[in-house]
Each structure stands twice: as C-alpha cells, then as structure tokens.
There are 2 protein chains.
Amino acid sequence: MAETTIDEAVGELRKYHIRVTPQRKLILNYLLTHENHPPVETIYQELAPEMPTLSLATVYNTLNLFVELGLVIEIPNENGGIRYDYFGKPHYHAICENCGKVTDIYSPLFPQIEASLKSEAERLTDYKIDSSHVTVYGLCADCQRRLADH
Amino acid sequence: MAETTIDEAVGELRKYHIRVTPQRKLILNYLLTHENHPPVETIYQELAPEMPTLSLATVYNTLNLFVELGLVIEIPNENGGIRYDYFGKPHYHAICENCGKVTDIYSPLFPQIEASLKSEAERLTDYKIDSSHVTVYGLCADCQRRLADH
DNA sequence: ATCCTTGCAAAGCATTTGCAATTTT
DNA sequence: AAAATTGCAAATGCTTTGCAAGGAT
C-alpha cells in the first residue's frame, strides 16, 4: 500500500514551485487516503461537501497537474472516463472485465520485471525509457462467483 | 510484426458468428497492414475514399466490436482519443512522451514476463487473469536528438 | 506587488445511440 | 426470410478554456 504522507506529497509540490492551495491539498489527501481509484466525478462529489466552493473544473485541472508532475497516474476505463491513482510505491493493476474494479498489485517481483521491460525496450528501440504502466485483465473473485452461480 | 493474414482474421469473425461485411473486412485489413496505431479519425479518413458511404459511427462500432472479440486492443492517448492496434502476436508498447509515437516491442523475453505478471496477480489477488497490457514511456530517438540539439 | 490559481459558464470533442434502409447468412 | 448491420443525424458526456476575482509567495 502507498504509505506516503500528505506532508511528503506537499513537499513534492513545493519542490516544483507549485503553489500549495487548499484545493490541491484536499485532492492530494483524498487520493492518498483512498485506494478505490476514483473517477473525477466521484472525487468532486465526495469533496464538495467539505469545500462547497470547489469546482469540477478545478478538480480536472489539479489532477492533470498531478499527472504531469508524475505524482498520480491515469487509468483509462472502458466507458470513456479516467480514474486516478496516487503513485507512491511502484505497483501494477488488475482490472475486472466484468465489474470494472481496479486492484493494486504490490508484487516483490515487480521492480525486477519493470527493469526488464525497460531494458528490453531500450535495447530494441533506441527509446530512453523512464516509466511504465502494467495492467492485467481478468475476473475478480466476486465476479467469478457471480458468473458461476448462475 | 503481426503476420496474420486477412483470411485468418476473417476466420476469427466467422468463428464468433459475426457477419463479415465489406466495412469490417476493410477496417480489419487496414489494421493488419498499418503498424502506425491510428486513431479512429485517421482510419476513417483513409478508408473513406475507398468506400465513400462508410460512416464514422460504423468505424467506432466496428472497432469496439473487435476489441470485445480480443482481435484488437485499445491504446488510450493523452489527448483523449484512442488508438487501435491489431494484436496478432504478443508484444508491448513504447510511447514517446514528446511526440506521442507508439512503437511495438517484440521481445523474446516478453511471454515469460507476461506469465510472471499474470501468476503474481493471481497469487496476490484471487483474480482469474486472461490478458495484459504493458506500456513503457520515454523519449524516442528522434525526440532525444531534437531536444538535445536545441 | 506579482504571478498563479480558482470558479463559473460556455465551448469543444470524441463517442454513442435511435431508427429506417440495407445487406448478410 | 430472418436477423444483424449500416448510415445518418442528433444527443450525450467528459474535459477544457477564457476571463475576472481572489489568494499564495
């Protein structure tokens, strides 16, 4: 699990001379404390009661900013929206093809796997690689049961 | 490179009792003969002269169908669109962060890597995994040169 | 004091859908 | 002949943008 604290994350913002506004802190904190990979609309709705003046546009702008900084990654989902994931520790994702659930996978083998992917890519293509995204698709335990029952 | 022929691909359609229409053949053939991972709009524009009645909506519908069948995979790109890639042989992608180019990587190590990703995911999560997408990000050779020159 | 950021509303796009006409099996 | 698919146009929904007011450094 990502064990980054809000202070560390805020430090990242300062490092890039990005202003630390209440909105950004609020959204950052939301991402740090939720493992559910929420879509934009959900983040907005859950945060709106806490900060009634917050606008959807600001949530979009802020998330895009975080993505550029590499603090957060985007997970596109089938129905056109995007989900967001705070990327404190390297991990990859399993996505359920039936219900769309996204699950983080923290495998001890992953750093090594990622390194092979990177070096193979550089060996074969002349790219200079700096990051990677890995996703596996299948059926989550709940959906396996649900589909078998019937 | 994907060496699948149009006939093999059409066979996949028949296998699922999907009707083989001229539009589907045309789009399938386009994907088989282009390694450039085109966005929907490009596919439509390049095919329109050949079949003037073809509609954009049909291209969208057809591509979605192919994705469901697993014939083709989607590659989301930053500006909101989606690119398509015929998925005949397992490979992964390198995407240039500067120009957006997508390059296929056919590494001999990939099947093994993919297998580890899958088994680690199943071991750690109770998902039943059936496919995966891997992407690495960096700078392509051209962009490295371009950015260094200046 | 300056420059950045927010919030609002409107605009912009990519993608999907309903339905009648057409085509494939 | 029956069922699926196409094409059109309109609708939908996500995301971005312009600009004035407000806030952080």
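In chain A, domain 1 and domain 2 are linked by five residue pairs in polar contact, counting pairs with both residues at pLDDT 80 or more. The pLDDT cut-off is there because this is a predicted model. Between domain 1 of chain A and domain 2 of chain A there are zero salt bridges. Strand E1 (72-76) and strand E2 (82-86) of chain A each supply at least two residues of the side of domain 1 of chain A that touches domain 2 of chain A. By class, that side of domain 1 of chain A has six nonpolar, two polar and five charged residues.

Let us step back to see where these two parts sit along the chain. Domain 1 of chain A covers 1-89, and domain 2 of chain A covers 90-150. For the contact, domain 1 of chain A provides 13 residues and domain 2 of chain A provides nine residues.

The size of an interface is often given as the accessible area lost when the parts come together. For domain 1 of chain A and domain 2 of chain A, the area buried between them is about 980 Å², with 59% of it on carbon and sulfur atoms. Which residues of domain 1 of chain A lose the most area to domain 2 of chain A? They are His37(A), Phe87(A) and Lys89(A), which together make up 41% of what that side buries.

Now look at how the two chains meet. Chain A brings 40 residues to the contact, and chain B brings 40 residues. Chain A and chain B bury about 3,000 Å² between them, and carbon and sulfur atoms give 64% of that area. On the chain A side, Leu117(A), Tyr127(A) and Tyr137(A) lose the most area to chain B, together 21% of what that side buries.

How many salt bridges are there between chain A and chain B? The count is zero. Polar contacts are a separate matter: 20 residue pairs are in polar contact across the interface of chain A and chain B, with both residues at pLDDT 80 or more. E5(A) gives the most to the side of chain A that touches chain B, with 12 residues. That side of chain A is made up of 23 nonpolar, 10 polar and seven charged residues.

Of the atoms of DNA strand C that come within 4 Å of the protein, 79% belong to sugar and phosphate. Zoom in on Thr58(A), and you will find one of its polar side-chain atoms 2.9 Å from a phosphate oxygen of DNA strand C. From chain B, an N or O atom in the side chain of Asn64(B) is 2.9 Å from a phosphate oxygen of DNA strand C. The elements giving two or more residues to the surface near DNA strand C are helix H2 (22-33) and helix H4 (56-69) of chain A, together with helix H4 (56-69) of chain B. H4(B) supplies the largest share of this surface near DNA strand C, four residues.

Finally, turn to DNA strand D. It has 22 residues around it, of which Tyr60(A), Asn64(A), Arg19(B), Gln23(B) and Thr58(B) come nearest. Here sugar and phosphate account for 73% of the atoms of DNA strand D that come within 4 Å of the protein. What part of DNA strand D is 2.9 Å from an N or O atom in the side chain of Arg19(B)? It is a base nitrogen. For Asn64(A), an N or O atom in the side chain is 2.8 Å from a phosphate oxygen of DNA strand D. The surface near DNA strand D takes two or more residues from each of H4 of chain A, helix H2 (22-33) of chain B and H4 of chain B. Its largest share, four residues, comes from H4(A). By class, the surface near DNA strand D has nine nonpolar, nine polar and four charged residues.

Note on methods. Residues are numbered from 1 along each chain as its sequence is written. Chains are lettered from A and ligands numbered from 1 in the order in which they are written. This is a predicted model: local features need pLDDT of at least 70, side-chain atom pairs count only at pLDDT 80 or more; totals for chains, interfaces and linings use all residues. Side-chain values use heavy atoms; hydrogens and water are left out. A residue is near a molecule or strand if one of its heavy atoms lies within 4 Å of it. A polar contact is a pair of N or O atoms within 3.5 Å; within protein, one must be able to donate a hydrogen and the other to accept it, and residues adjacent in sequence count only if both atoms are side-chain atoms. Domain bounds come from an automatic or database domain assignment. Contact means heavy atoms within 4.5 Å. Buried area is the accessible area (1.4 Å probe) that two parts lose on being put together, summed over both. A salt bridge is a side-chain nitrogen of Lys or Arg within 4 Å of a carboxyl oxygen of Asp or Glu. Ala, Val, Leu, Ile, Met, Phe, Trp, Tyr, Cys and Pro count as nonpolar, Asp, Glu, Lys and Arg as charged, and the others, Gly among them, as polar.
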